[in-house]
Amino acid sequence: MRDFNGTDRPGAGQIAILGGSAEARDLAQQLGARARLWLPARDRVTGQGRARQTGFAEWASGASALIIAPHPCDVESLRLGASMAGALSIPHLTLMRPAWRPSRRDHWVSVRTVREAARHIPVGARVLVTLGRPVLPEMSAFRHAHAFVRQLSRHNRVFPLRHGRFLHGDPPFTVAHEITVMRRFRIDAVLTRNAGGTGGWPKVAAARALGLPVYMIARERVPTGPTVSRVEDAVRWSEAALWLDV
């Protein structure tokens with residue numbers, strides 16, 4: 001799917017999709033010419049980059065309806081979508097995959113922030129951190145632990161903490177791969193966000209297999225109106241919205 005930022009704007013009879021998730025791409029593919037997809041500018045994989053409010057409003061202004069489908073943990077884009085739906089006075093829907101739920105075999109510690117997680121993590125623990133690039137300023141709370149921070153984009157930047165290092169990797173990751181990584185770096189715990197879906201699940205499954213705790217940052221709740229969890233339901237909603245707009 002092309003990135004339509006700043007080029008093809010949605011017009012009458014089309015759906016504007018505020019993307020950043022795999023579901024947004026799938027939805028745009030299924031809707032074809034009936035949809036236009038906006039991707040956050042900085043991080044087109046996880047959707048956690050800064051969306052430009054003014055630019056998005058201008059881009060989406062001609063659409064018949066809006067679907068808000070960023071990464072589930074991209075609070076900024078969720079808020080942007082909700083505010084723009086109201087400002088543009090068009091029908092809107094949020095497409096968000098369900099959150100993960102622990103089983104009896106999982107050892108999760110539910111937290112709200114990186115700083116709260118750091119308070120729970122023991123001194124000297126070796127932690128696999130998979131929170132995305134924007135979280136680095138918050139990692140100062142990890143002075144007492146070893147943070148192994150996964151980065152999908154390869155670079156040569158100096159690691160900002162006293163203890164730990166960057167781990168570069170290319171998705172998709174498998175459970176076997178994650179187990180290998182955790183054993184190689186003698187990981188004691190995993191710190192991640194409750195993104196839901198299948199893409200990030202292998203690290204959680206690997207922690208379960210190795211009996212490791214997972215410090216799970218819960219999703220921040222952002223009121224965005226009507227919500228569905230499946231692309232198929234968003235397609236049906238889109239068809240009804242466009243029919244009503246004819």
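Let's start at Thr192, which sits in strand β9. Is Thr192 buried or exposed? Its relative accessible area is 2%, so Thr192 is buried. Setting aside residues up to four places away in sequence, Thr192 touches Thr130, Leu131, Lys203, Val214, Tyr215, Met216 and Ile217.

Before we go further, a word on what we're looking at. This is a predicted model. The average pLDDT for the protein is 87, and 89% of the residues score at least 70. Which helix has the lowest confidence, and which the highest? The lowest is helix α2, residues 53–60, with a mean of 79, while helix α6, residues 201–210, is the highest at 98.

Over residues 1–6, pLDDT stays under 50, and the model has 18 contacts for them beyond four places in sequence. Residues 43–51 also stay under 50, with 32 such contacts in the model. Where pLDDT is low, the predicted coordinates should not be read in detail. Please keep that in mind when you zoom in on those parts.

Now the overall picture. There are seven helices and 11 strands in the protein. Of the 246 residues, 50% are buried. Taking contacts with a separation of 6 or more, 66% are between residues 24 or more positions apart. The protein exposes about 12,400 Å², and carbon and sulfur atoms supply 51% of that area.

On to the inside. The largest nonpolar core has 24 residues, and those with the most contacts inside it are Val129, Met139, Phe142, Ala147, Val149 and Leu191. Which elements give two or more residues to this core? They are α4 (114–120), β6 (126–130), β7 (146–151), β9 (189–193) and β10 (214–217). Helix α4 gives the largest share, three residues. Apart from this core lies another, of 20 residues, including Val228, Val235, Ala241 and Leu242.

Let's stay with Val149 for a moment. Leaving aside neighbours within four places in sequence, Val149 is in contact with Val129, Leu136, Met139, Phe159, Arg165, Phe166 and Leu167. Two of those partners, Phe159 and Phe166, will come back in a minute.

That brings us to the aromatics. A pair of aromatic rings is described by the distance of the centres and the angle of the planes. How many aromatic pairs are there? The count comes to six. In one of them, the rings of Phe159 and Phe166 have centres 5.0 Å apart and planes at 85 degrees, so this pair is edge-to-face. Edge-to-face applies to planes over 60 degrees apart. Phe159 has a relative accessible area of 16% and is buried, and Phe166, at 9%, counts as buried too. The cut-off for buried is under 20%.

Elsewhere, ring pairs join Trp38, Phe56 and Trp59 into a cluster. There is also a charge over a ring to show you: the charged end of Arg150 sits over the ring of Phe173, 4.1 Å from the ring centre.

Next, a look at Ala60, in helix α2. With 1% relative accessibility, Ala60 counts as buried. Not counting residues up to four places away in sequence, Ala60 touches Pro10, Ala16 and Leu88. How far apart are Ala60 and Trp38? In sequence they are 22 residues apart, and in space 8.8 Å, C-alpha to C-alpha. Do remember that helix α2 is where the confidence is lowest, at a mean of 79.

I'll finish with the backbone. Most residues other than glycine have a negative phi, and most peptide bonds are trans. Here are some spots in this model that go the other way.

First up is a proline pair. The peptide bond from Pro171 to Pro172 is cis, with omega near 5 degrees. Pro172 is in the loop between β8 (164–168) and α5 (175–184).

Then, where does a positive phi turn up in a residue other than glycine? Ser89 is one of the places, with phi near 55 degrees. Ser89 lies in the loop between α3 (75–88) and β4 (92–95), and with a relative accessible area of 64% Ser89 is exposed. Arg186 also has a positive phi, near 50 degrees. The loop between α5 and β9 holds Arg186, and at 54% relative accessibility Arg186 counts as exposed.

Terms used: Residues numbered from 1 in each chain as written. Predicted model: local features only at pLDDT ≥ 70, side-chain atom pairs only at ≥ 80, totals over all residues. Heavy atoms only, no water. pLDDT = per-residue confidence, 0-100. Helix = DSSP H or I, 4+ residues; strand = E, 2+ residues; numbered from the N terminus. Contact = heavy atoms within 4.5 Å. Buried < 20%, exposed > 50% of the residue type's maximum accessible area, 1.4 Å probe, protein only. Areas by Shrake-Rupley, 256 points an atom, 1.4 Å probe, with all protein chains shown as cover. Core = buried A, V, L, I, M, F, W, Y, C linked by side-chain atoms within 4.5 Å. Phe/Tyr/Trp six-rings, centres within 6.5 Å; stacked < 30°, edge-to-face > 60°. Lys NZ or Arg CZ within 6 Å of the ring centre and 35° of its normal.
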